[in-house]
Amino acid sequence: MDEPPRTAQVGVALAALLAVIAILSLTHGAMSVAPSRVFDILFRSGAYGAGDIGRDALVVLNIRLPRLLLGAMIGSALGGSGALMQGLFRNPLADPGLVGVSAGAGLAAAATIVLGEKLPAGLTGGSSFSLLPAAAFLGALASTAFLYAVTTRGGRTSIATMLLAGVALAALAGSLTGLLAYVSDDRQLRDLTFWSMGSLGGATWAKVEVLAPVCVLLVAVAPFLSRGLNAMALGEAEAFHLGVRVQRLKIAIILLVAIAVGASVAAAGVIGFVGIVAPHLLRLAIGPDHRALLPLSAVAGATLMAGADILARTLVAPAEMPIGILTAAIGAPFFLWLLLRGDWSLRS
């Protein structure tokens with residue numbers, strides 16, 4: 001009887017926290033902008049001519065706002081993907097970064113950066129960066145499909161095999177990325193460093209426009225997957241007898257995770273642990289019902305990424321810390337806590 005009100009309370013609290021973080025993100029940085037001025041810029045900028053827009057308006061509209069939106073969308077994509085993978089594997093330790101999916105997408109992006117210039121100009125559109133979204137998607141898809149094939153036998157997923165396969169997959173992707181770094185030139189090496197640590201420093205409105213349909217797709221499809229994931233928590237055989245088309249559900253989740261992770265890596269590089277922290281904290285707060293867990297994981301991931309971006313911009317100001325370092329600093333202790341806590345089941 002208490003679950004729906006509690007879920008609503010958690011949802012309202014997350015939305016309020018995200019709003020506060022959004023205001024802080026737009027007002028704080030190397031140059032502070034008053035909240036009243038930010039409000040004026042956002043809601044009355046159309047009333048000014050091009051020559052009337054000051055420096056603070058340019059900073060808010062062209063730098064901070066697209067960065068905030070891009071970070072929030074990447075966080076929602078990673079948070080939602082983490083919840084989907086945890087439901088698919090029936091284990092709270094599953095995470096796109098932890099089990100090598102992000103590393104696979106990063107490897108494909110790294111190969112595109114280093115080797116894309118050797119492809120015919122007609123395929124790359126004159127720039128290897130035009131292939132990055134497709135390459136990252138294919139890398140994430142291949143990694144997810146490989147991981148599921150290796151870890152699932154007879155309808156059951158081995159936790160130990162999942163972790164070991166994820167570590168092996170991430171190590172293999174890391175070694176191949178290192179090989180690409182070894183044969184790259186100075187410019188390509190700088191680009192590879194960007195992908196390996198993750199950063200929102202290159203946020204633009206063009207990237208926001210590309211990533212927005214991915215987030216809309218994730219939010220729109222999630223309600224149709226929640227019933228099947230709830231049934232999957234009982235086991236694949238039980239889910240099948242309850243009328244769930246298990247194989248179709250698996251394919252849909254694999255494709256959706258690959259799209260979300262691939263687009264995120266293409267936009268900002270490899271950013272880990274968001275997909276394990278956001279869904280699991282929510283599972284502790286509202287329980288394992290995916291009808292609420294999937295959408296709220298997207299909101300929690302957006303909140304986590306937006307908050308981490310504020311720290312990345314302010315901790316070492318006027319320089320900027322790669323956001324992947326901060327998410328790893330948060331996520332790694334959280335993962336160790338999960339191991340020490342012994343929470344290996346989605347049924348609790």
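Before you click, note that the model is predicted, with local features needing pLDDT of at least 70, side-chain atom pairs counting only at pLDDT 80 or more, and totals for chains, interfaces and linings using all residues. Residues are numbered from 1 along each chain as its sequence is written, and side-chain values use heavy atoms, with hydrogens and water left out.

**Stop 1: the cavity.** Select Gly80, Leu84, Leu218, Val219, Ala222, Leu294, Pro295 and Ala298, the residues that line the largest cavity. A cavity here is a set of points, on a 1 Å grid over the protein atoms alone, where a 1.4 Å probe fits but cannot get out; lining residues have an atom within 4 Å of a point. Helices α3 (55-89), α9 (205-232) and α13 (290-314) each give two or more residues to this lining; helices are DSSP runs (H or I, at least four residues), numbered from the N terminus. The volume is about 70 Å³, meaning the space filled by probe spheres set on the points, which are joined across faces, edges and corners. Colour the lining by class and you get 7 nonpolar, 1 polar and no charged residues, where Ala, Val, Leu, Ile, Met, Phe, Trp, Tyr, Cys and Pro count as nonpolar, Asp, Glu, Lys and Arg as charged, and the others, Gly among them, as polar. Across the whole structure, the search turns up 4 cavities of 30 Å³ or more.

**Stop 2: the aromatic rings.** Rings of Phe, Tyr and Trp (its six-membered ring) pair if their centres lie within 6.5 Å; planes under 30 degrees apart are stacked, over 60 edge-to-face, and the rest tilted. That rule gives 3 aromatic pairs. Pick Phe39 and Phe43: their ring centres are 4.6 Å apart with planes at 40 degrees, so this pair is tilted. Both sit in helix α2 (residues 35-44), 4 residues apart, which is about one helical turn. Phe39 is exposed at 51% relative accessible area, and Phe43 is exposed too, at 60% (buried is under 20%, exposed over 50%, partly exposed in between; 1.4 Å probe, protein chains only).

Now jump to Phe89 and Tyr148, another tilted pair, at 6.0 Å centre to centre and 50 degrees between planes. Phe89 belongs to α3 and Tyr148 to α6 (residues 132-151), so the pair ties together parts 59 residues apart in sequence. Phe89 and Tyr148 are both buried.

**Stop 3: helix α11.** Finish just after α11 at Gly269, which has a positive phi of about 85 degrees.

Conventions
On a 1 Å grid over the protein atoms alone, a cavity is a set of points where a 1.4 Å probe fits but cannot get out, and a pocket is an open set with protein on both sides within 12 Å along at least five of seven lines; lining residues have an atom within 4 Å of a point.
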